[in-house]
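Hi,

Here is the model I promised to pass on. Have a look at it first, and my notes on its aromatic rings follow below.

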Amino acid sequence: MNLTLIGTGYVGLVTGTCFAEVGHRVICVDNDAAKVKTLQAGGIPIYEPGLEELVRKNTAAGRLSFTTSTAEGVGNSDIIFIAVPTPPQDDGSVDLSFIEKVAREIAGAMTIYKIVVDKSTVPVKTGDKVAETIKRYCKAKVEFDVVSNPEFLREGFAVEDLMKPDRIVIGVKSQRPVPALKEVYAPFKAPLIVTDINSAELIKHASNSFLALKISYINAISVLCEATGANVQEVAHGMGMDDRIGKRFLNASLGFGGSCFPKDLSAFIKIAEQVGYDFGLLKEVQKINSEQMNRFIKKIVETLWVLKDKKIGVLGLAFKQNTDDVRMSPAIELCHRLQKEGATLNVYDPKAMDKARAVLNNVTFVQDMNAVAEGCDAIVIATEWEEFKKLDLEKVRKSLTHPIMFDGRNLFDPAEMERLGFIYKSVGR
Ligand code: NAD
């Protein structure tokens with residue numbers, strides 16, 4: 001099929017590439033001319049495992065192309081997917097101006113029937129607004145359908161998630177676009193849920209808020225574990241063995257971040273407020289999350305006493321492993337907070353250093369994880385990169401002025417760290 005993705009970021013680029021990989025012809029549109037130029041020249045603007053190879057392969061095969069022209073995308077496709085940002089505003093509600101602008105651009109370029117699919121995460125009832133906008137701005141008065149198709153990919157595993165999704169959600173007002181969407185997704189062999197647009201939009205916010213809730217739940221348990229001498233990993237293991245609970249998203253840490261969970265939580269709280277429901281449960285999820293970071297910082301300050309003139313090595317800048325994304329990264333917040341306390345920082349991340357340069361000032365970017373602790377008073381683990389588990393602990397211990405490690409991701413065994421001579425402080429253990 002001929003498909004267009006408008007917005008070629010973490011969602012648009014990976015989705016477009018995976019659509020091309022299963023045989024569709026895909027045009028990826030972005031209004032960032034520099035990004036399109038990079039992609040046209042064979043470069044990849046983001047880090048996502050397995051993506052580069054697929055982009056190269058499908059571009060070479062003529063199934064994947066890049067442009068800045070929405071009209072070109074709309075004119076050459078049956079189905080147009082919207083994957084532009086939906087950032088938070090100061091009051092927590094969603095800034096829908098990107099979606100509205102794209103709806104107007106699509107409307108202006110439509111001359112025959114099109115299916116317009118929203119993949120961005122949007123508040124319930126946005127589909128109605130998109131349809132209204134297209135109708136108003138489409139001079140040709142052609143027929144069209146608006147569909148909600150929320151995306152559930154995880155950064156760091158996006159290719160895998162798109163090629164093998166748990167489910168595909170399609171929200172429609174009429175049955176007319178359903179066969180075409182079934183054809184788009186048939187190669188992925190995943191369960192397809194066809195529902196109404198409002199339910200589809202709610203499924204996305206409800207899912208992300210639930211996952212954030214699960215993280216805050218185990219983080220709250222970690223506080224009880226620290227107070228009682230229990231081990232949060234043992235508790236999570238015992239809980240997770242119960243099928244009704246499940247093992248995933250039960251890792252206690254310094255808190256969640258990223259471009260989705262914090263903004264989607266705030267948006268869902270706001271959406272509830274707008275329909276007259278006080279979603280106190282989710283407000284508590286937010287509160288637990290920020291307290292978790294506060295507690296971690298407090299641990300560092302209590303141990304090192306005064307941070308002024310102290311040097312700290314920070315491992316991890318991305319908001320989680322396997323990505324270069326630092327948007328709302330807890331690791332970046334941690335760096336800012338430590339700097340505010342007066343500490344100077346050595347930092348390292350396997351993939352996110354370039355993006356971190358835009359948000360971190362006055363830090364030393366170190367090119368080797370085993371050198372980050374050089375001359376430092378302590379080392380902090382802020383992102384759960386697998387490779388940090390292979391840290392040369394002997395070298396790190398010797399290069400620290402004091403062998404102190406704060407582990408915000410529980411990567412090491414406390415007893416083993418003690419045996420190696422570290423003062424080791426982790427979360428909930
Ligand atoms: P992103 O910032 O990585 O990419 C968005 C792209 O859209 C950018 O490249 C931007 O230049 C482009 N853009 C903005 N306005 C445009 C316009 N008028 N025309 C063409 N291009 C335009 O964002 P993302 O992370 O891909 O997120 C996109 C949406 O998907 C958001 O609603 C987000 O909540 C949702 N989502 C994200 C993830 C994730 O893990 N990143 C997962 C599921 C859903």
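R104 lies over the face of Y137, 5.8 Å from the ring centre. There's another one like that: R176 has its charged end over the ring of Y113, at 3.6 Å from the centre. (I call a charge over a ring when NZ of Lys or CZ of Arg is within 6 Å of the ring centre and within 35 degrees of the ring normal.)

Before you go further: this is a predicted model, with local features needing pLDDT of at least 70 and side-chain atom pairs pLDDT 80 or more, while totals for chains, interfaces and linings use all residues. Numbering runs from 1 along each chain as its sequence is written, and side-chain values use heavy atoms, leaving out hydrogens and water.

Now the ring pairs. The whole structure has 9 aromatic pairs, meaning rings of Phe, Tyr and Trp (its six-membered ring) with centres within 6.5 Å; planes under 30 degrees apart are stacked, over 60 edge-to-face, the rest tilted. F249 and F261 make a tilted pair, 6.2 Å centre to centre with 50 degrees between the planes. F249 sits in the loop between helix 10 (232–240) and helix 11 (261–274), and F261 is in helix 11, so this pair ties together parts 12 residues apart in sequence. (Helices are DSSP runs of H or I, at least four residues, numbered from the N terminus.)

F261 also pairs edge-to-face with F256, at 6.0 Å and 80 degrees. As for burial (buried is under 20% relative accessible area, exposed over 50%, partly exposed in between, with a 1.4 Å probe and protein chains only), F256 is buried at 11%, F261 is buried at 14%, and F249 is partly exposed at 27%.

Finally, F19, F81, Y185 and F188 form one aromatic cluster.

Cheers

How values were computed:
Helices (H or I, at least four residues) and strands (E, at least two) are DSSP runs, numbered from the N terminus.
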